[in-house]
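I opened the model today to look up a few contacts and some backbone details. My entries follow in the order in which I made them.

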Amino acid sequence: METTNPGAQPAAAPAAGETLLRVENLVKHFEIRGGLLGISTIGAVRAVDGVSFSVRKGETLGLVGESGCGKTTLGKVILRLIPATSGKVTVKNRVLFDIPTEEERKAGRRATVLDAGEMKKARRDLQVVFQDPYASLNPRMSVGEIVGEGPLVHGLTDKGKREDLVRELLARVGLNQSHIHRYPHEFSGGQRQRIGIARALALNPDFVVCDEPVSALDVSIQSQVLNLLDDLQQELGLTYLFIAHNLAVVEHISDRVGVMYLGMMVELAEVDDIYVRPAHPYTVALLSAVPDPNPRNRRRRVILKGDIPSPANPPSGCRFHTRCWLRERLGNPEQCTTVVPEFREIQPGHAVACHFAEEVTPDTIGAAARTGGPVAS
Amino acid sequence: MTQRPTRTGELLSIDGLKTHFYTQDGVVKAVDGVSFGIRNGETLGVVGESGCGKSITALSVMRLIERPGRIVAGSIRLADRDLLALSDEEMRDVRGNAISMIFQEPMTSLNPVYPCGDQIAEAISLHEGIHRREAGDRAIEMLSQVGIPDAKRRAREYPHQLSGGMRQRVMIAMALSTNPELLIADEPTTALDVTIQAQILELMKALRERNRMAIMLITHDLGVIAEMADDVVVMYSGKVVESSDVNTVFEQPHHPYTKGLLASIPRLGEKRHRLEVIQGVVPNPLNLPKGCLFKRRCPSAMPVCDTPPPLQEIQPGHLSRCWLTPAGEPPEIGADAEAETAVAAAAALTVEA
Amino acid sequence: MEGTQVTRIPGGAIPAVDEVDLTPVRTYWQLVRQRFVRHRLAVIAFFLMAILVTAAIAIPLLSGDAWKETSLERINQPASLTAPLGYDSLGINTFARLMKGLQTSLFIGFAAVLVIVFIGVTVGSTAGYFGGWVDNALMRVVDIVLSIPTFFLILMLVAFWGTGNVWVIIIAIGLTGWTTAARLVRAEFLSLREADFVQAAKALGAGDRRVVMRHMIPSAMAPVVVAATLGIADSVVVEAALSFLGFGITPPEASLGNMLTKAQDYFYRNPLLAWYPGITLVLVVLAASFLGDGLRDALDPRQRVETN
């Protein structure tokens, strides 16, 4: 296995169990086109920039990060809904694609990409639940047609059998079977999300990418859907890649959690480990920023300066250095701005991409936390 | 603060507000008999899920309800002015001066064709009748007060050139430029990333201290409420179901909806295996249940819940619209009391909000 | 396990609340009809268009060759039961000729719009689905077609291929009028391509053809239907203008345009001869326009049904 990129070793590999999904050095750059005819490339949004991880069978890997961190793009590239720039994704020992980088290509390495027929087969194992339950269901199709589309596409042409299957799936996700002929607009957000889950389950997949599946739902409905996902995982032995920005939701559902910032994985560890002992300054700030629903705990926070930089023009060295509280505290070491930090294991199963992860201690965190005052950036 | 203020000490008093929408399918009672008040310098959190009427309440205060909606009953008083009795022109003056509002998506309330600084300057010059150039300087000052770096340059930029967090800062600067007594913030941080949300909340706290203004903070995020609010109003399907100071609401909630809401949110550091859920969905506003609006989802529902529940005083300053006694027992008249008895009992138990 | 007071949702009993709170059943088309019916002018336009189309088909069918039969005895005869609008200077039944003219004009209008929709949807969906250089190339073609003064191009095409041929006129209008439809479909496709339900279909393994035909075209058609309806009005006007100038339908064939031309000669003696085709033309254009407006409102799924 080639590990050329320093920020991209398959660190924090699962401790035990069969590996279901393996992502290696995944890169997705969206080219910004310009010029007279809109054909020439004038730049690139580095949405995903060298991410590696693996997910073992039956676990939930949570991916958190703020807007522009590339978590949604990462999910879509794994699903091959958008083509990767380079990198390799393996699902159930089947290589979906293995695309060389520019240098590797020059050195003569060829891309291997699963052909359309094989990819269609692979999709049975690889499904997705989307964020917006209003946009993810075709408004002109009935629930039966939506949930039954997967089986139909994969050759279950018998209408009666398909309807039986759909009814079973609707019951499984907690919907009334008699709603099979209704249209999406007749359902509430939570019910629509259940329809979306039923559609994903119709092909009996092993692996489901959940892309912010509850963030568009009302608070009281979120817990219903989270419990449903939990139950389905236990009953069907599903494996989830759970992408979300809500840290509490991710903590609840995940076994391991990866934190992304500007296209890079900055920390990856077991859920208890990362929430109790975050080792990356960004993870610390992210956790500190979550408002606690406990009015007695109006605690001091680590407030980051400034905005998230544009992924079209990411900072040099460590991408977080422009907002890092630790760097400031350590007297702005030069390394942060010049050297891309290695994604290294600081403990077995706990990887972090920070030169000074060892300096992240309760003392330094406490000193960085503050309250009040308009936060000038 | 456990004592609920008397009506006289309030900056904003809403009494029996009803805002209804007349749609083709029927009347949607978006706000149906809402009463609460905000004191000077206080932050009141209004919490509820989509469709509970929290935003419509705010728009009613601003008198920005559009067809097919209409304020059909109630009163809204700001200090000693009856807002619903003002002419449109007087109301515009109130909106420009005494009350400001910020929205979830600042892009919709900023004019895309003018630089941010000009928009703030215009608000200031309208408000104080000062010259535009002077107002421009004040605008830059406002922008730097809300933590915008390099304010002079930023003032010349257009809204689309700014990030979401920056736009919300510009919105706040604009809202505060007229030094309002009351700021209505409708989901001010919902569209923002969590690290940016933390910045904006810190900013709002600091500005609240300095300007000593009252804030009506509307959000679905219980974390934001816990962080910011002094008092809390919980709304459900157009009605206030519970209100008290923030500690009471979070620590001794009385209404089963509030309890369910607090129990159902995943919290950091509390990894439970299963989340509590509130069963079912919010009722269709065109087909509301009789009696208590929450009864179909309520784990404590009783036959008596078919009669509209009383708004009881649980403790001084703590109100809950539920048949359960303050101790959480079924009411004295019994869980399956006759409708007539129940109506009379409800009237007797209900306190003036 | 904590939270056991709560019933397990999957597999278990379905919570009764689920049903109670469902909004009343209305399919997409029921909603469309409901919204359309609320648009009073559109409903009137719909019936007007129905009457015009029915008359244009039925009356020439029933009256045979009356629309072109001349007779010295009937010259300028007044109205009667069989000729509600009297006879013209050649002794032709004016009403029969008017209806035949309407038939020709409507036929050209509808047929030209079909050509427009066919070319427009093909070009627009190809550009929008594939994007990239395909999109770029096709859209530059659109720009070129748009930059040519349409009416003169039609005049040129008609003059080149032969005046008076219905099909030539249809093709000429079709070849110049598809750009709007193409742009609409392309814009719809560009946004639909990113739509979650399209992505979901791809994730299920649906092929390009299924994605396009089943998911994208149905969702992209609403603006096209609106544009097509409005396009009928445009096409009828273009036909009238062509015929008026003598490049379109030439006598003895009848069209609203050439009836107007002929009416010029008798404008002072019998101005009504100009009014009949004129008013008919206006009715067709108004009916198509209001119909289009009504459809625009009705087909937009984002529109909620509200009163007042």
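Which residue of chain A does E227(B) meet in a salt bridge? I found R301(A), with 2.2 Å from N to O between the two side chains. A salt bridge here is a side-chain nitrogen of Lys or Arg within 4 Å of a carboxyl oxygen of Asp or Glu.

Ground rules, noted before going on. This is a predicted model, in which local features need pLDDT of at least 70 and side-chain atom pairs count only at pLDDT 80 or more, while totals for chains, interfaces and linings use all residues. Residues are numbered from 1 along each chain as its sequence is written, chains are lettered from A and ligands numbered from 1 in the order in which they are written, and side-chain values use heavy atoms, with hydrogens and water left out.

Entry: chain A against chain B.
I looked up the salt bridges across this interface, and the rule finds three. The contact (heavy atoms within 4.5 Å) takes 51 residues from chain A and 51 residues from chain B. The size of an interface is often given as the accessible area lost when the parts come together. For chain A and chain B the buried area is about 4,300 Å², and carbon and sulfur atoms give 53% of it. Buried area is the accessible area (1.4 Å probe) that two parts lose on being put together, summed over both. On the chain A side, V219(A), P293(A) and R298(A) lose the most area to chain B, together 15% of what that side buries.

I took helices (H or I, at least four residues) and strands (E, at least two) as DSSP runs, numbered from the N terminus. Axes are lines fitted to C-alpha atoms, for helices over the stretch in contact, and angles run from 0 to 180 degrees between N-to-C directions. Angles under 35 degrees count as roughly parallel, over 145 as roughly antiparallel, 65 to 115 as roughly perpendicular and the rest as oblique. The crossing of α10(A) with α8(B) is left-handed; the term applies if the near helix is turned anticlockwise from the far one by less than a right angle, and right-handed if clockwise. From α10(A) I listed Y282(A), L286(A) and A289(A), and from α8(B) V194(B), T195(B) and A198(B). By class this contact has five nonpolar, one polar and no charged residues. Ala, Val, Leu, Ile, Met, Phe, Trp, Tyr, Cys and Pro count as nonpolar, Asp, Glu, Lys and Arg as charged, and the others, Gly among them, as polar.

Entry: helix pairs within chain C.
Helices α4(C) (residues 94-130) and α8(C) (residues 179-194) pack at about 35 degrees, with axes 7 Å apart. Their crossing is right-handed. I counted by class eleven nonpolar, four polar and two charged residues in the contact of α4(C) with α8(C).
For α6(C) (residues 150-161) and α10(C) (residues 208-244), the axes come within 11 Å and cross at roughly 55 degrees. These two helices are therefore oblique to each other, and the crossing is right-handed. F151(C), I154(C), L155(C) and V158(C) of α6(C) meet V238(C), A241(C) and L242(C) of α10(C). The contact divides into seven nonpolar, no polar and no charged residues.

Entry: backbone checks.
Most residues other than glycine have a negative phi, and most peptide bonds are trans. I noted N93(A), not a glycine, with a positive phi of about 60 degrees. N93(A) sits in the loop between β4 (86-91) and β5 (94-99) of chain A. R67(B) and P68(B) are joined by a cis peptide bond, with omega about 0 degrees. P68(B) is in the loop between α1 (54-61) and β4 (69-78) of chain B.

Entry: salt bridges over all chains.
The structure holds 42. In one of them, K71(A) pairs with E212(A), the closest N and O atoms being 3.8 Å apart.
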